[in-house]
Structure formats: C-alpha cells, structure tokens
Amino acid sequence: MAFGAHMRATVAGSATLLIFLLLLAGAYRTGTGLSGIHPQSGTATAATLPAPADGSSLFAANCAGCHGPKAQGGVGPKLAGLVKPWTQMQFEHAVLDGKAPEGRTLAPMMPHFRSAGFDGSPPTDAQLRALAQYLQSL
Ligand code: HEC
C-alpha cells in the first residue's frame, strides 16, 4: 500500500515535469514564431544591419590595452585631454599613419591603423569620427 502511494506520487511528479517542459518548449517556439512573423521588427533589424559606430567600444577593443581603459595612459601616453584640441584630420593622421600633429613620427609600438585596421577591417570615416568624439569627451 505504502509502495503504491509512492509510485503514484512519482508518476504525478514526472507528469508535472513533462508538462512544465512542454510549456517551456511551447514558449520558446512562440518566441521564434513571433519574430518570424514580424521580420521588420526592431530586434530582427538590429541583428542584420551593421551596428552604428560606437567610439567607446572601438576604443575598448583597439586602444585601451595600451592607452588605458579611460585613456589615462598605460604603455601608450594619456590621450584624455591631449587630443581634445586636435582637428579630425590631425587625429586621423596620428591613428591611421602614426604622425603626431607637430609632425613627429610616433614610436612604432603605436599601430598604423590604416593597415592594422579595427578588428581586421580598414577603419571607416564613421568609426574614426566616433572614436575622436569619444576621446575628446574624456
Ligand atoms: C600596442 C599599443 C598601442 C595601441 C594598441 C594603440 N596605441 Fe596609440 N600609442 C602607443 C604608444 C606607445 C604611443 C606613443 C608613441 C610616441 O609618442 O612616439 C601612442 C601614441 C598615440 C597617439 C599620439 C599621442 C601623442 O603624444 O601625440 C595617439 C593619438 C594614439 N596613440 C591614439 C591611439 C588610438 C586612438 C588607438 C586605438 C585605435 C591606439 N592609439 C592604439 C601605443 C598604442
């Protein structure tokens, strides 16, 4: 008798678990189904278009390792404040070709991003503007 009651409890428990899993699977499928019905919805579009240039993440990915997470300096010099008065052209000359505004050739440790690229792709104008704006805001 006690054994039978235990068995019923176990069977009821398994059934509850199964129903729970089916509900989860259903919710998951409904989720994908909805985005399939609305391919133009915000989330679907954001996944397919290139992300807008974000100066802060570009800096974190390409520069922070040498210039410090907030451009306060590391093995590379402090950039916060330094590049604030620079024109976009001066900034790009330094970043793309390793030339400081006063005409000095930067030490070879500072990459020439025209050839090094950001994550393997040549830097775009939008990325260079976003990066300059971010650094000039620090
Ligand atoms: C591998 C290390 C390294 C990385 C990565 C790096 N830099 Fe540099 N950077 C340096 C060093 C070292 C110098 C100093 C060179 C000198 O003064 O001769 C420098 C100099 C500079 C200067 C000129 C500063 C001055 O004194 O005029 C700028 C601007 C600059 N870096 C911007 C950047 C930006 C923006 C990035 C990312 C896109 C970046 N750097 C990535 C090492 C690095």
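Biologist: Starting simple, how many helices and strands are in the secondary structure of the chain?

Modeller: There are seven helices and zero strands. Read from the N terminus, the elements go α-α-α-α-α-α-α. Keep in mind that this is a predicted model.

Biologist: And what percentage of the residues count as buried?

Modeller: Of the chain's 138 residues, 13% count as buried. As for contacts between residues at least 6 apart in sequence, 45% join residues at least 24 apart.

Biologist: OK, on to the ligand. How many residues surround it, and which are the closest?

Modeller: The ligand is surrounded by 20 residues, and the closest are Cys-63, Cys-66, Gly-76, Ala-107 and Met-110. Helix H4 (64-67) and helix H5 (88-97) are the elements that give two or more residues to that shell.

Biologist: Which element gives the largest share of the shell?

Modeller: That's H4, with three residues.

Biologist: What is Gly-76 in contact with, sequence neighbours aside?

Modeller: Leaving out residues within four places in sequence, Gly-76 contacts Cys-66, His-67 and Met-110. Cys-66 and Met-110 are also in the list of residues closest to the ligand. As for Gly-65, it is 11 residues from Gly-76 along the chain, with 8.8 Å between their C-alpha atoms.

Biologist: Is Ala-71 buried or exposed?

Modeller: Ala-71 is buried, because 21 other C-beta atoms lie within 10 Å and the cut-off for buried is 20 or more. Asp-119 has a positive phi too, near 55°, and is likewise a residue other than glycine.

Biologist: Where is Asp-119 placed?

Modeller: Asp-119 belongs to the loop between helix H6 (113-116) and helix H7 (125-136). With 8 other C-beta atoms within 10 Å, Asp-119 is exposed.

Biologist: Now helix packing. At what angle do H5 and H7 pack?

Modeller: The angle is about 105°, and the axes of H5 and H7 are 10 Å apart. That makes H5 and H7 roughly perpendicular to each other.

Biologist: Which residues make that contact?

Modeller: From H5, Gln-88, Phe-91, Glu-92 and Val-95; from H7, Leu-128, Arg-129 and Ala-132. The contact of H5 with H7 has four nonpolar residues, one polar and two charged.

Biologist: What about the angle between H3 and H7?

Modeller: H3 and H7 pack at about 90°, with axes 8 Å apart. Therefore H3 and H7 are roughly perpendicular to each other as well. Gly-55, Ser-56, Leu-58 and Phe-59 of H3 meet Gln-127, Ala-130, Leu-131, Gln-133, Tyr-134 and Leu-135 of H7. The residues of the contact of H3 with H7 are six nonpolar, four polar and no charged.

Biologist: And the largest nonpolar core, which of its residues touch the most other members?

Modeller: Phe-59, Val-95, Leu-131, Ala-132 and Leu-135 do, out of 13 residues in that core. Helix H3 (55-62), H5 and H7 each supply at least two residues of the core. H7 gives the largest share, four residues.

Biologist: What does Val-95 touch?

Modeller: Not counting residues up to four places away in sequence, Val-95 touches Phe-113 and Leu-128.

Biologist: One more: where is Leu-138 found, and what does Leu-138 touch?

Modeller: Leu-138 is in the segment after H7. Setting aside residues up to four places away in sequence, Leu-138 touches Lys-70, Ala-71 and Ala-80. Leu-138 counts as partly exposed, with 16 C-beta neighbours inside 10 Å. Between Leu-138 and Leu-82 there are 9.7 Å, C-alpha to C-alpha, though they are 56 residues apart in sequence.

Note on methods: Residues numbered from 1 in each chain as written. Predicted model: local features only at pLDDT ≥ 70, side-chain atom pairs only at ≥ 80, totals over all residues. Near = placed C-beta within 6 Å. Buried ≥ 20, exposed ≤ 12 C-beta atoms within 10 Å, placed from the backbone. Contact = placed C-beta atoms within 7 Å. Axes fitted to C-alpha atoms, helices over the stretch in contact; angles between N-to-C directions. Parallel < 35°, antiparallel > 145°, perpendicular 65-115°, else oblique. Nonpolar A, V, L, I, M, F, W, Y, C, P; charged D, E, K, R; others polar. Core = buried A, V, L, I, M, F, W, Y, C linked by C-beta atoms within 7 Å.
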